[in-house]
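Please read the following briefing alongside the sequence and the model. It is grouped by topic.

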Amino acid sequence: MRAQSLPADAAPLFAALGDRVRLALIARLSDQGPLPTVRLTQGARLTRQAVTKHLKVLEDAGLVRSERVGRDRAWRIEARQLARTRAYLDRISAQWDARIERLRAFVEDGDA
Amino acid sequence: MSTDRIEKRIVLKASRERVWRAISDSARFGAWFGVDFDGPFVAGAEMIGRIMPTQVDPDVARLQEPARGMKFVIVVERIEPMTRFSFCWRPFAIDPGHDYSQEPMTLVEFVLAETEGGVLLTITESGFDGIPLARRAQAFEANESGWEHQTRLIAKYLARDNQP
């Protein structure tokens, strides 16, 4: 079982997401819930080995979790991590909105 | 949508000179941004500032008060008069006990252009893909309730202004 907190030098979260195949895997797991590797490989034009490689990148970034199920592995979304990613950028974005309002007040209304 | 960058655009109803001054003059920049710098902006220079509550909004100033005096570091990148000002920094690097010097920075760019009605200012912050996960968590530990208030203030401004 993977630890919840990741080491500081773990692969950047966003680099893990910046790939069409990995985004598609995330989408499928979001829609259909936990799935084994064999199911994720069906309908993907990739070998099981390639799919597993992508899933491991996602797992290293803390976006999915896996556990042994028989001779296969079942994968699930680590939802909190995805939400944190979005929330982090939203927070930075909101800070900039606030600064921009202050800049506007400064140049348009004040003694700039 | 990119996860590596945030881009904001605003049309400011002011002259290009006025907007450029507000961005490139460290004292004026600090007045609205909320930082007291120790000198003028110089390309390539590291600038140390202290967080000081903004002079343009008393509500926000009150919320920034807990951070007053905290060290704030930027490395100025480019200064192209009337057109572009950029610096690197580390967002949320406000733990006084922590040495951030080995950690990645993001790049903030201000670009000015003439447009109908005033000056189009484009602000871009990029490099988020390089920020480690542990550092992102700090964004939430710092000032949790302060940011909620700030978000409500922003909503108030945006509703008043109706920017598309």
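Two strands pair if DSSP finds at least two bridges between them, and strands (E, at least two residues) and helices (H or I, at least four) are DSSP runs numbered from the N terminus. This is a predicted model, in which local features need pLDDT of at least 70 and side-chain atom pairs count only at pLDDT 80 or more, while totals for chains, interfaces and linings use all residues. Residues are numbered from 1 along each chain as its sequence is written, chains are lettered from A and ligands numbered from 1 in the order in which they are written, and side-chain values use heavy atoms, with hydrogens and water left out.

**Sheet of chain A**
- Pro36(A) stands opposite Ala74(A) in β3(A), and two bridges join β1(A) to β3 (residues 72–77) of chain A, the two running antiparallel.
- The open sheet has three strands in the order β1-β3-β2 (chain A), with antiparallel pairing, and its edge strands, each pairing on one side only, are β1 (35–36) and β2 (64–69) of chain A.
- Helix α2 (residues 20–32) of chain A packs on this sheet, touching β1, β2 and β3 of chain A, and its direction makes about 85° with that of β3(A); contact means heavy atoms within 4.5 Å, and angles run from 0 to 180 degrees between N-to-C directions of axes fitted to C-alpha atoms, for helices over the stretch in contact.

**Loop of chain B**
- Met82(B) lies in the loop between β4 (71–80) and β5 (84–89) of chain B, and its phi is near 70°, a positive value in a residue other than glycine.
- Most residues other than glycine have a negative phi.
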